[in-house]
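Have the viewer open as you read.

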Amino acid sequence: MDEETSTYVVWTDNTLLLLGGFILMAMLLLSVINPPKPEDAKDIIIGEMRVEMAWADNVDSDIDLWVQAPNEKPVGYSAKNQKTFNLLRDDLGMTSDAMPINYEVAITRGLPTGEYVVNVHFYSDRTRSSPIEVTIQVSIQPSPERPVTKFSKKIILRKVGDEITVFRFHLDSRMNIVTGSMNDIQKNIRAAKP
């Protein structure tokens, strides 16, 4: 083999090795960036308890969700986080909102034993849309192995300033609703003192 052919062979070999190395690295990186999902993977649960509230789309009224976990301060638009509850979305109606959907949601981190309170507050009615029907749904799933407990209710808010207790219930140490504890006895928590 002459020197020119030898140089060409070495260059070709090195180029192919380098190209093969890049392809191998790309395949390894793709498996790390987007790992395959195991067949038995469970859906991710966001919060053991989820409280959702919705009212008619395209209505420019501000309805607020207020929730309270046992022995904690209430959570709502002016206090979005406590040890257990977090308000993920404070919907102001159509103000500063790119979507026509009116929806608020609060979730928990853990489920301490005791009384839970779910309230709805009519904050403002810019389009004079009252009375407004509001749907509230509570979903409880302490672990992926347990079935979801769901309950919901529709209420009517008649005037600005109304605060309505939708649900009050107690959870026991096994994170079950205590029989007979579910009620809607009014408990104002929006302006509750710490």
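What follows goes through the core, the salt bridges, a surface patch and a loop residue of this predicted model.

## The core

Start with the largest nonpolar core, which has 30 residues. Met-49, Val-134 and Ile-136 have the most contacts inside it. The elements giving two or more residues to this core are β1 (49-55), β2 (61-68), β3 (85-89), β5 (114-125), β6 (132-140), β7 (149-157) and β8 (163-171). Top of the list is β6, which gives the most, with five residues.

Leaving out residues up to four places away in sequence, Val-134 touches Met-53, Ala-54, Trp-55, Ile-63, Val-120, Lys-153, Lys-154, Ile-155 and Leu-157.

## Salt bridges

Searching the whole structure turns up seven salt bridges. One of them pairs Arg-126 with Asp-60, at 3.1 Å from N to O. Arg-126 sits in the loop between β5 and β6, and Asp-60 in the loop between β1 and β2, so this pair ties together parts that are 66 residues apart in sequence. Arg-126 is partly exposed at 39% relative accessible area, while Asp-60 is buried at 14%.

Arg-126 has another partner: its side chain makes a polar contact of 2.9 Å with the side chain of Ser-124. Ser-124 lies in strand β5 and is buried, with a relative accessible area of 14%. Not counting residues up to four places away in sequence, Ser-124 touches Ser-61, Asp-62 and Val-160.

Next up, Lys-154 bridges to Glu-133, with the closest N and O atoms 3.9 Å apart. Lys-154 is in strand β7 and Glu-133 in strand β6, so the pair ties together parts 21 residues apart in sequence. Lys-154 is exposed at 55%, and Glu-133 is partly exposed at 43%. Then there's Glu-52 with Arg-50, at 3.6 Å between the closest N and O atoms; Glu-52 is buried at 18% and Arg-50 partly exposed at 25%. Glu-115, Arg-168 and Lys-187 are linked in a network of salt bridges.

## On the surface

Met-27 belongs to helix α1 (residues 3-33) and counts as exposed, at 54% relative accessibility.

## A loop residue

Asn-81 lies in the loop between β2 and β3 and is partly exposed, at 49% relative accessibility. Not counting residues up to four places away in sequence, Asn-81 touches Val-75 and Asn-86. From Asn-81 to Ala-106 is 25 residues in sequence and 9.4 Å in space, C-alpha to C-alpha.

Key:
Residues numbered from 1 in each chain as written. Predicted model: local features only at pLDDT ≥ 70, side-chain atom pairs only at ≥ 80, totals over all residues. Heavy atoms only, no water. Helix = DSSP H or I, 4+ residues; strand = E, 2+ residues; numbered from the N terminus. Buried < 20%, exposed > 50% of the residue type's maximum accessible area, 1.4 Å probe, protein only. Core = buried A, V, L, I, M, F, W, Y, C linked by side-chain atoms within 4.5 Å. Contact = heavy atoms within 4.5 Å. Polar contact = N/O pair within 3.5 Å; in protein donor to acceptor, adjacent residues only side chain to side chain. Salt bridge = Lys/Arg side-chain N within 4 Å of Asp/Glu carboxyl O.
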